[in-house]
Amino acid sequence: MLAEDELFAGLTARPIVLLGEEHDNAAHHRWQLSVIEALSARRPDLVLGFEMFARASQPVLDQWVAGELDTDAFLHAVRWNETWGFDARLYLPIFDFARRHKLPMLALNVERSLIRRVGRDGWAAVPADEREGIGVPAPALPAYRRWLAEIFAHKRAPHSDKVTDAPDPAFERFVAAQLTWDRAMAEALAAARVQPQAPLVVGLAGIGHLQNGWGIPHQLRDLGIVDAAVLLPVAAGAACAELVAGYADAVFVIE
């Protein structure tokens with residue numbers, strides 16, 4: 001177990017640090033803010049990336065950080081209730097911290113309409129000029145596919161644990177949609193890193209996009225960033241046996 005100072009010293013040497021969350025868990029967002037505060041104290045050149053915002057919202061994020069919008073105007077302009085919907089009060093302390101310290105906020109996501117389209121029609125059916133600039137995702141790792149198969153099966157039959165190996169075009173489209181999501185966020189994070197001052201980029205996203213290195217970290221590796229760090233919160237009392245090797249670079253127990 002690393003001491004806190006040693007852990008954060010190591011994190012500030014990484015190009016990207018990814019912080020997981022359950023979107024409706026207030027404790028997770030308090031933890032994220034505490035990590036951001038600790039990293040900012042060591043690396044003031046922080047850039048904060050958010051799954052919650054589609055790229056079209058980037059000018060609004062810039063206005064927020066510049067102090068040009070109040071909270072209500074900001075949430076309205078980013079279409080918070082329409083595009084995200086979770087309680088904004090869970091996130092506002094992080095947004096306020098970014099504004100107070102003039103930390104750039106980066107929209108990592110694409111429009112949900114693109115994700116729905118890929119999920120309905122498949123990646124290949126979407127013309128290249130209608131993919132919001134997203135490149136071809138790296139194929140899903142086998143373990144990721146198995147995990148997504150469990151989620152897909154539960155969506156289809158919520159009271160069944162049966163997972164079939166039979167080919168299913170709908171499942172392939174479901175995987176393609178997830179990979180599009182992962183790839184979009186990975187590309188935005190990687191692009192933020194490519195600046196003359198090479199800032200420390202911190203990305204906030206759901207745990208499912210980060211755990212075991214399957215989602216965003218896998219796409220980052222495909223983009224040449226092999227040393228992004230993944231930090232994930234775990235509930236107090238969670239069985240240590242469930243935390244398999246490679247689950248994250250560090251886990252934080254949340255009361």
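This is a predicted model: local features need pLDDT of at least 70, side-chain atom pairs count only at pLDDT 80 or more; totals for chains, interfaces and linings use all residues.

Me: How do you know how the chain's radius of gyration fits with a compact globule?

Reply: You set one value against the other. A compact globule with 255 residues would have a radius of gyration near 18 Å, and the protein chain has 18 Å, so the two agree. Its C-alpha atoms fill a box of roughly 50 × 45 × 35 Å along the principal axes. Buried residues make up 51% of the 255 residues. Of the contacts with a separation of 6 or more, 72% are between residues 24 or more positions apart.

Me: On to the helices. What do you need to describe two packed helices?

Reply: The angle between their axes and the distance between the axes.

Me: Why are α1 and α2 called roughly perpendicular?

Reply: Helix α1 covers residues 4-11 and helix α2 covers residues 26-42, and they pack at an angle of about 70° with their axes 10 Å apart. Angles of 65 to 115 degrees count as roughly perpendicular, and therefore α1 and α2 get that label. Their crossing is right-handed.

Me: Which residues make that contact, and of what class are they?

Reply: From α1 come Asp 5, Phe 8 and Leu 11, and they meet Val 35, Ala 38, Leu 39 and Arg 42 in α2. By class, that is 5 nonpolar, no polar and 2 charged residues.

Me: What makes Ala 38 count as buried or exposed?

Reply: Its relative accessibility is 13%, and the cut-off for buried is under 20%, so Ala 38 counts as buried. Ala 38 sits in helix α2. Ala 38 and Glu 4 are 34 residues apart in sequence, with their C-alpha atoms 9.8 Å apart in space.

Me: What makes the label for α7 and α9 roughly parallel or roughly antiparallel?

Reply: Helix α7 (residues 112-121) packs against helix α9 (residues 169-193) at an angle of about 150°, and their axes are 7 Å apart. Anything over 145 degrees counts as roughly antiparallel, so that is what α7 is to α9. The crossing of these two is right-handed.

Me: Which residues of α7 and α9 touch?

Reply: On the α7 side there are Arg 112, Leu 114, Ile 115, Val 118, Gly 119, Arg 120 and Asp 121, and on the α9 side Arg 173, Ala 176, Ala 177, Thr 180 and Trp 181. They divide into 6 nonpolar, 2 polar and 4 charged residues.

Me: Let's stay with α9. How do you know whether Arg 183 is buried or exposed?

Reply: Arg 183 lies in helix α9. Its relative accessibility is 6%, which is under the 20% cut-off, so Arg 183 is buried. Beyond its neighbours within four places in sequence, Arg 183 is in contact with Ile 134, Gly 135, Val 136, Pro 137, Ala 138, Gln 219, Asp 222 and Leu 223.

Me: And what about Phe 53: buried or exposed?

Reply: Buried: Phe 53 has a relative accessible area of 1%, and buried means under 20%. You'll find Phe 53 in strand β2, residues 46-54. Setting aside neighbours within four places, its contacts include Leu 61, Phe 74, Trp 80 and Met 105. Ala 66 is 13 residues from Phe 53 in sequence and 17 Å away in space, C-alpha to C-alpha.

Me: Why is Ala 198 called partly exposed?

Reply: Partly exposed is the range between the buried cut-off of 20% and the exposed cut-off of 50%. Ala 198 has a relative accessible area of 26%, so it is partly exposed. Ala 198 is in the loop between α9 and β4 (200-206). Leaving out neighbours within four places in sequence, Ala 198 is in contact with Arg 43, Asp 45 and Arg 193.

Me: What makes the phi of Glu 132 worth a mention?

Reply: Phi of Glu 132 is near 55°, a positive value in a residue other than glycine. Glu 132 is in the loop between α7 and α8 (142-156). With a relative accessible area of 31%, Glu 132 is partly exposed. Lys 102 also has a positive phi, near 55°, and is found in the loop between α6 (92-100) and β3 (105-109).

Notes: Residues are numbered from 1 along each chain as its sequence is written. Side-chain values use heavy atoms; hydrogens and water are left out. Axes are lines fitted to C-alpha atoms, for helices over the stretch in contact, and angles run from 0 to 180 degrees between N-to-C directions. Helices (H or I, at least four residues) and strands (E, at least two) are DSSP runs, numbered from the N terminus. Angles under 35 degrees count as roughly parallel, over 145 as roughly antiparallel, 65 to 115 as roughly perpendicular and the rest as oblique. A crossing is left-handed if the near helix is turned anticlockwise from the far one by less than a right angle, and right-handed if clockwise. Contact means heavy atoms within 4.5 Å. Ala, Val, Leu, Ile, Met, Phe, Trp, Tyr, Cys and Pro count as nonpolar, Asp, Glu, Lys and Arg as charged, and the others, Gly among them, as polar. The radius of gyration is taken over C-alpha atoms; the globule rule is 2.2 Å times the number of residues to the power 0.38. Buried means under 20% relative accessible area, exposed over 50%, partly exposed in between (1.4 Å probe, protein chains only).
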